[in-house]
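Hi,

Here is the structure I promised to pass on.

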Amino acid sequence: MTIATRMALQMLVALALAFTVGMLAFPLHWSWVVLTAFIVCSGAVGRGEAIYKGLLRVAGAIGGTVVAAAISPVVPSNGAVDATIIFVVLFFGMWLRTINYAYWAACATLIFALLQGSQGASIGPLFAIRVACIVVGALCAIAATWFVFPMRTRLLVRKRVAEARAALREVRSGSDRDLRHHLAQLERVAPPVRLHRAVFGARGETAHPAALIDETQARLRTAIERRKVRVYVSVAVSLDGYIDDRSDQRLVLSSPEDLADMRLAREQCDALLVGAETVRRDNPSLRSPNAARVTVTESGELDPALRFFDGSARTIVLTGHEGAEKLRTRLGDRAEIVAIEQFEPAAIIAALADCGLHSLFVEGGGRILTAFLAAGAFDRLRLAIAPFFVGDAAAPRLVNAASFLNDAKHRLTLRGVRALGDIAVLEYEHPRT
Amino acid sequence: MKSALVGIAGVLASFLAMYAICARAGVNASPAILAAALAVGLARRPENFDLRATLAKFASLPIVALGAALVGLTFRSLPVLGAILFCAGMALSIWLRNFDKGGAAIGRLIALPLLTMLVVPVHVDTGHPGLGALLVMLAGAIAFAATYLLQRIAA
């Protein structure tokens, strides 16, 4: 049976109970019983939710009654004044409802009092009946959610947490799921269990449902935040599109002016990324003030003697779960080893966001550049073009063959063209979707 | 805060417009209160400004409002039958959530006037049943139009 069918049956029973009890016990005010039963039962998937909403409704009605009793002697019974106050109270009710339903319940009771007052009715005994009707209506709804195809709140929390965690796993592997939807779903079931924890405590349990929700929500928020990591890809190529030649020495493509400009761009980022092959082959120190050095390796074959691990800056190595322990042993405290599920830009970015890094400068080599450029996983692309040819078909090119998000139909936006010495620097922007 | 301001503006606009019409027609203010109550309900869920869905909703809300008013009339003459219709309508509105967003939207459309009828029982004393029905339908249309337009302006 689906949750919607279960809730429909609960509503049917709750309303039938409310009509029966209301019409028999409160023939003039049965609608208050029915309305409360509807409100409490509406949207309450678990039993805890119904109890929580019932408590809010009763608390709001009592609060509204107290306020009405306090202000009724000082508010003159005048049609225009009453109408103005009613709309003002209605506004506050609509505003505060987003914070807690009890405020709305209190304002609704206050409006009712003002309406009664404007008709010259005595509100004292009527409010006792109103509160009694609301309590009875809430009990009808709670009884229905408790006995008619009930859903235990603990099970509901586990279901929502499992769904949210499944979505998180998919996000880690690059797919796009609506994390905010799961955050909202958890927030819906959270208030009653948080109230339960506040009143009864965790009772020594290792995982109170409220703790499960808090932990999962924290992960979801992190995942949402990690989407805010800005990625800056920088690459220099020859006129024929090569990033290096086949010699042992690294091919210098940039001019001094271009290098100085690139240094400035690096300083704007808090992480610099190069592939493990580049670390092994070029042995770069990759220094920039306040920026962490990051590399990605599937094989885990990294020599601790490389300049990359000289301890002069925070160093992070992203690798698979299997090789993580081996690398931790090999590199010791020279680097933080972070295990990732897949070697894809989304997972790399997510892992770096988890490390507290919010802007990433991607420098190479070919595999990393291809992965980020093909997936469109960048905000800016800085392309420096050196005024010469390499002319070797076996030399490494800017990108390898891949399926690129930005093809002829999905072009990048050219944001600037500059001449730095004899180097032309093109700046492209990618609207991230 | 902004959505509450837009919401209350919609409520005021619906109430005042309908109140003026009721005064002109020489009937009590029940349809105006109905319009305000409907606007309160509509303000809770911002419109998505999809033209087709909006037109469908605009066309259907007055009819559903009329249906709710008929249930209200049934309550007065045959309370038990009114209660059965009310319970069935509300349960149906929730059950329709089984059919994705479209079903849920229809369900909300059914539930809103029923609930409003419970909060604001409509007794239109016109001496002419056709005019009463017309005013109830007009209340639904005005509430929807005012809420929609103000949300659109504020967006």
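Before anything else, one term: two residues are in contact if their C-beta atoms, placed from the backbone, lie within 7 Å. Also keep in mind that this is a predicted model. The predictor gives the complex an ipTM of 0.80 and a pTM of 0.60.

Leaving out residues up to four places away in sequence, G376(A) touches L405(A), N406(A) and H430(A). You'll find G376(A) in the loop between α14 (366-375) and β7 (380-385) of chain A. Is G376(A) buried, exposed or partly exposed? It counts as partly exposed, because it has 17 C-beta neighbours inside 10 Å. There is also a pair to look up: G376(A) and P345(A) are 31 residues apart in sequence, while their C-alpha atoms are 9.2 Å apart in space.

Now the two chains. Chain A has 14 helices and nine strands, and 39% of its 433 residues count as buried. Chain B has six helices and zero strands, and of its 155 residues 45% count as buried. If you take contacts between residues at least 6 apart in sequence, 69% of those in chain A join residues at least 24 apart. For chain B that figure is 73%.

How confident is the predictor in chain B? The average pLDDT there is 80, and 88% of the residues score at least 70. Within chain B, confidence is highest in helix α4 (residues 79-95), at a mean of 89, and lowest in helix α3 (residues 51-77), at 74.

Next, the place where the chains meet. The contact takes 20 residues from chain A and 20 residues from chain B. On the chain A side, α1 (3-25), α2 (30-41) and α4 (79-96) each supply at least two residues. Which of these gives the largest share? That is α1(A), with 10 residues. By type, the chain A side divides into 17 nonpolar residues, three polar and no charged.

Let's stay with α1(A) for a moment. Its 23 residues should span 33 Å at 1.5 Å a residue, and its end C-alpha atoms are 32 Å apart, which agrees. Its buried residues include M7(A), A8(A), M11(A), A14(A) and L15(A). I94(B) is buried, because 25 other C-beta atoms lie within 10 Å. The C-alpha atoms of I94(B) and I106(B) are 9.7 Å apart, and the two residues are 12 apart in sequence.

Not counting residues up to four places away in sequence, it touches V34(A), A37(A) and F38(A) in chain A, plus F86(B), C87(B) and M90(B) in chain B. L15(A) also belongs to the largest nonpolar core, which has 114 residues; L15(A), A14(A), A37(A), A35(B) and A139(B) have the most contacts inside it. Domain 1 (3-147) and domain 2 (153-225) of chain A each give this core at least three residues. Apart from it lies another core, of 52 residues, among them A271(A), V296(A), F378(A) and V425(A).

In chain B, look at helix α2 (residues 30-43) too. Its 14 residues should span 20 Å at 1.5 Å a residue, and the end C-alpha atoms are 20 Å apart, which agrees. Of the 14 residues of α2(B), 13 are buried, so this helix is largely enclosed by the rest of the structure.

Most residues other than glycine have a negative phi, and most peptide bonds are trans. The peptide bond from G364(A) to G365(A) is cis, with omega near -5°. G365(A) lies in the loop between β6 (359-364) and α14 of chain A. F149(A) isn't a glycine, but its phi is positive, near 40°. This residue, F149(A), sits in the loop between α6 (124-147) and α7 (153-172) of chain A. N290(A) also has a positive phi, of about 65°, although it is not a glycine. N290(A) counts as exposed, because it has 9 C-beta neighbours inside 10 Å.

Cheers

Conventions. Residues are numbered from 1 along each chain as its sequence is written. Chains are lettered from A and ligands numbered from 1 in the order in which they are written. This is a predicted model: local features need pLDDT of at least 70, side-chain atom pairs count only at pLDDT 80 or more; totals for chains, interfaces and linings use all residues. Helices (H or I, at least four residues) and strands (E, at least two) are DSSP runs, numbered from the N terminus. Ala, Val, Leu, Ile, Met, Phe, Trp, Tyr, Cys and Pro count as nonpolar, Asp, Glu, Lys and Arg as charged, and the others, Gly among them, as polar. pLDDT is the predictor's confidence in each residue, from 0 to 100. A nonpolar core is a set of buried Ala, Val, Leu, Ile, Met, Phe, Trp, Tyr and Cys residues joined through C-beta atoms within 7 Å. A residue is buried if 20 or more other C-beta atoms lie within 10 Å of its own, exposed if 12 or fewer, and partly exposed in between; C-beta atoms are placed from the backbone. Domain bounds come from an automatic or database domain assignment. The expected span of a helix is 1.5 Å times one less than its number of residues.
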